[in-house]
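Here are a few notes to read alongside the model. Have the sequence and the 3D view open as you go.

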Amino acid sequence: MFQFFVRYNKYFILISVALAILFGILTPKLFEHIKFLGDLFINLLKLFALPLICSALIAALGGLSGNISNLKSLSKKLVGYMVFSEIMAVTIALLLFNTFQPGTGGNPDLILNGQPYHAAEHQNFGFTNFILSIFPDNVFYSLTNFELLPVVVFSIMFGIGCSVAGNVTRPIINLAISIREASTRCLHGVMLLAPVGIFALVGAGVAQSYLSGDLEENFTALLAFVGVLTLGLLLHALWQLVAVAIVSKQKISHILNKSLPVFSMAFGTSSSVATLPVAMHTADQLKSKPFVTQFMLPLCASINVGGMMMYEMAAALFFSQMLGLDLSISQQILLAVACILGGMAEGGIPETSMVSLVIVFRIVNIPLSAITILLPLDRIIDRLRTMVNIFGNMCGVILISQWTNNEIQLEEHVNT
């Protein structure tokens, strides 16, 4: 019976999503009583995901004693891929929203509510604060508050320190390997609860939007925006899928079939962090090297969120068009840079894009009241963004694994 649930768990997850949508509309009050099951599922994922991320990075980097040059080469490829992927995301948004201009002709009263429009003051980007935030003075505070990026940076630095120190740190590396394996086993057990947790999470989101009435009221105005944005997300995922198929010489159908649990988990949890364990396992099945997987995916989940950056770019352009703001090409490029940096600071936690939108909207003088227009649909859009984010990161892992020198068997340092 246990093996039956393990084998068919991904299909149970898909069924739970369909049932959640149905019951969210037919019996929305139900989810007021069972939403805690979804929160419990997310808490369990976070409980074991963070030890897995820290231990995987320390074990991977600490095992590179005498091979720092390999890490340097991999880091260059990692940074190169992330920058290219993020530029592609905002470029797709620029091209689509300048071509279709879904906000042109829209009613500004949807944002202004009859109030006169006054341009907001420009807000400094706060680059210094961003740098300081990823190098905190107390990593335990970051752990307590589930601030992933500072923890990832600390784990990378600590792992490199173990590698430089040599054999004297071998007990620490062995401990990290043990924690990584135990956390992985625990997460596999938690995943058996995924159908129940995802049913509660997705159903609660659908029920809330249905009961509030805001979804129906704003649907017409946002229909074009959602359609163009969805097209952009699909295009962003498509070029990465094709690239993986060509470079790794795998069939597109095979890649999509193996990625089904990743899509299901990403849609259900709306969290790249929560989807990490599934994505790491799937990447290894699709010809990714374990070392590259364990080094790249935790970091990419924090700062390579192309779907979120595309969403922020799309929202800024949409409301600018609705308000009749004429943004020059240079202004749009600066806006794209702001979306990339703002997205990097948010991490892979659900629904954090609202914070970045405040920064982006201030830059182009869009009233912050526009954010409230996005809230009713944000949960569904956020799930689509998360699917694209984690799939893109997984594709990057596979691509870099294929480009890594085959003579350098980096994964041996992780498994020994």
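1. First, some housekeeping. This is a predicted model, where local features need pLDDT of at least 70 and side-chain atom pairs count only at pLDDT 80 or more, while totals for chains, interfaces and linings use all residues. Residues are numbered from 1 along each chain as its sequence is written, and side-chain values use heavy atoms, leaving out hydrogens and water.

2. Look at helix α3 (residues 30–62) and helix α9 (residues 170–191): their axes come within 8 Å and cross at roughly 150 degrees. That makes the two helices roughly antiparallel (the word applies to angles over 145 degrees). Helices here are DSSP runs of H or I, at least four residues long.

3. Which residues make the contact between α3 and α9? Among them are F41, L44 and F48 of α3, and I173, I177 and R180 of α9 (contact means heavy atoms within 4.5 Å).

4. Now find S320, which sits in helix α16 (residues 306–323). S320 counts as buried because its relative accessibility is 1% (buried is under 20%, exposed over 50%, partly exposed in between, with a 1.4 Å probe and protein chains only). Beyond neighbours within four places in sequence, S320 touches L325, L327, V364 and I366.

5. Q101 lies between α4 (68–100) and α5 (109–112) and is partly exposed at 37%. K249 lies between α11 (214–248) and α12 (252–258) and is exposed at 74%.

Conventions: Axes are lines fitted to C-alpha atoms, for helices over the stretch in contact, and angles run from 0 to 180 degrees between N-to-C directions. Angles under 35 degrees count as roughly parallel, over 145 as roughly antiparallel, 65 to 115 as roughly perpendicular and the rest as oblique.
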